[in-house]
Amino acid sequence: MKEIFEIRWHGRGGQGAKTAALLFGDACLSTGKYIQAFPEYGPERMGAPVVSFNRISSSPIRIHSGIENPDVVVVLDFTLIEQVNICEGLDEKNGILLVNTPLSPDEIKNKIKFFGKVYTVDASKIAIETIGRNIPNTPMMGALVKITKILTLEEVLNDTRKKLAVKFRNKPEVIEGNLKAIERAYNEVKGD
Amino acid sequence: MGIKVAKTANEAFAEGMRQINPDVVAAYPITPATEIVQIFSQFVADGLVKTEFIQVESEHSAMSACIGASAAGARAMTGTSSQGLAFMWEMLYIASGLRLPIIMAVVNRALSSPINIHCDHSDTFGARDSGWIQIYSENVQETYDNLIQGVRIAEHPEVKLPCMIMTDGFILSHCLETLEMLTDQEVQEFIGVPPERENLIKSAIENKPITIGALDLQDYYFERKRQQAEGMKNALKIIPEIGKEFGDKFGRYYGFVEDYKLEDADIGIVVIGSTAGTAKEVVDNLRKKGVKAGLLKIRILRPLPVEDIKNSLKNLKVVGVMDRVEGMNAFCGPLYSEITACLYDLDKKPLLTNFVYGLGGRDVKIEDIETIFNELITVLEKGKKDFTLKYIGVRE
């Protein structure tokens, strides 16, 4: 792993881009890594483009500036490409783009003219089928884990179970749905 | 020992307050500090603390309620930011003048106008002469550790002054980081029972009524202020003692300042808050290239640790002071003035330059700090400076 691994999450207000960064950071911490997770704060509205970030490292993280050249960009909503440059600062040689879409990686590459590493997974479909709502953030964590190998599938499942058990203690079906979503995205993500 | 958890600085403040378990918290919400009292009020609702939580209609009232509670003998706390702190202004001076050890968590945010919710240090720099002890934090861990030490410092019988503990708005307040928390018992043992001091409840119980906040005109005002100044001076002795005790117990040592690779440095920057971490990366990179660069992080601004600052900087050739505040004096930023005053009496002193940066939350990148060091290298090579103040990262 790089000294500090950096991730940028793109989503729309309400899709859980912030929560995804927090959950992923927390899951990494539970395996002994040092982490940062922070959203970019602006005038937030439901549906407006939002960004959040992660830094992951095996040693304490001192840097506190924004992330401009992420190693991975995760896109929770592909319609964002109409509004924001999701590939900004992403290195075409080493950078990784992970998109929530039914399209294939090659179709995405041609559409946005980014010819680096592209992975796709239909996280919205998975979320609807497992959780019952289009909340693609947890399945995208599963796909991210598969691609980056920062965590194992077991580690992210265990940590998510722990976290959601507190939040949804009266709704066990939500917990099971999220875990299933992570596992399915882990298995269904495709790309280089 | 404690456990490693992921917390934002706001969460760390709230958890620290829960572990301190103060008698009274009075607060009013303001971005980006709202979460502190929001989370804490949940602790109150869940019965995790014995605190009397007072919801007030303004920050002015929040500080007023803390003053009343503290005067009655309570351990009182609050939290605020920016305009909220500005709204407390007159009460800040009353808290310190009455020698009340109130603890305040402050999330640094720019002052209006233009309205802005992001980080700079204008709010607390404005309050630096209000008689409060000021402690600044580089990261979430320091935010938490400083809060816990703040209680001991403020309540020390030789100090008896209110204390504000700072963290950078959004950059830290909303950044989830790795935090090593102490156990509730460790915090309780460290802060202990508040040392005895004159207060209203005690005076009522003992049936020896006292007056707090009486009028002092030409006859006594000056003496009272002189005593208050002595309390601040005593803090210079107490703060490192408590920092060492904290380190001996928990492994993280704290002084007035943090010297980073200054020992043999030719050039160095002086910086406060989260930017110090980013700047340490730059210092390391410069060191790899053979540049003798270093960094001085100011943790305690009030009292001003003159001797430490002098000792840290006296052997440097060029120093850049970073101000996350615009001084509006048509000359320099406030930290530059303070550092200049510290160094003035030295026979041999570094060339001093000033850089104003990061106002209203403007991101401070590695390259911005590199720009500052490049300026310092130029001054070093020329052997003289041809500017006092430069702005970093602004369009003009």
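Modeller: Start with the salt bridges. Across the interface of chain A and chain B the rule finds 3 salt bridges, a salt bridge being a side-chain nitrogen of Lys or Arg within 4 Å of a carboxyl oxygen of Asp or Glu. One of them joins the side chains of A:Arg62 and B:Glu281, at 3.3 Å from N to O.

A word on the basis. This is a predicted model, where local features need pLDDT of at least 70, side-chain atom pairs count only at pLDDT 80 or more, and totals for chains, interfaces and linings use all residues. Residues are numbered from 1 along each chain as its sequence is written, chains are lettered from A and ligands numbered from 1 in the order in which they are written, and side-chain values use heavy atoms, with hydrogens and water left out.

Now the contact as a whole. Chain A gives 17 residues and chain B gives 26 residues; contact means heavy atoms within 4.5 Å. The two chains bury about 1800 Å² between them, 55% of it on carbon and sulfur atoms. Buried area is the accessible area (1.4 Å probe) that two parts lose on being put together, summed over both. On the chain A side, A:Tyr41, A:Arg62 and A:His64 lose the most area to chain B, together 42% of what that side buries.

Polar contacts come next. The rule finds 12 residue pairs in polar contact across the interface, both residues at pLDDT 80 or more. Such a contact is a pair of N or O atoms within 3.5 Å; within protein, one must be able to donate a hydrogen and the other to accept it, and residues adjacent in sequence count only if both atoms are side-chain atoms.

Which elements of chain A give two or more residues to this side? They are helix 1 (17-29) and strand 2 (34-39). Helices (H or I, at least four residues) and strands (E, at least two) are DSSP runs, numbered from the N terminus. Strand 2 of chain A gives the most, with 6 residues. The chain A side divides into 9 nonpolar, 4 polar and 4 charged residues. Here Ala, Val, Leu, Ile, Met, Phe, Trp, Tyr, Cys and Pro count as nonpolar, Asp, Glu, Lys and Arg as charged, and the others, Gly among them, as polar.

Stay with strand 2 of chain A. It runs antiparallel to strand 8 (residues 176-181) of chain B, and 2 bridges join them. Two strands pair if DSSP finds at least two bridges between them. A:Gln36 stands opposite B:Glu177 in strand 8 of chain B.

Follow the pairing further. An open sheet of 9 strands has mixed pairing and the order 7(A)-6(A)-5(A)-4(A)-1(A)-3(A)-2(A)-8(B)-1(B). Its edge strands are strand 7 (190-191) of chain A and strand 1 (3-7) of chain B, each pairing on one side only. Within chain A, strand 1 (residues 4-12) and strand 4 (residues 72-75) run parallel, joined by 4 bridges. There, A:Ile7 has A:Val72 of strand 4 as its bridge partner. Helix 4 (residues 137-148) of chain A packs on the sheet, touching strand 1, strand 4, strand 5 (96-100) and strand 6 (117-121) of chain A. The direction of helix 4 makes about 155° with that of strand 5 of chain A. Axes are lines fitted to C-alpha atoms, for helices over the stretch in contact, and angles run from 0 to 180 degrees between N-to-C directions.
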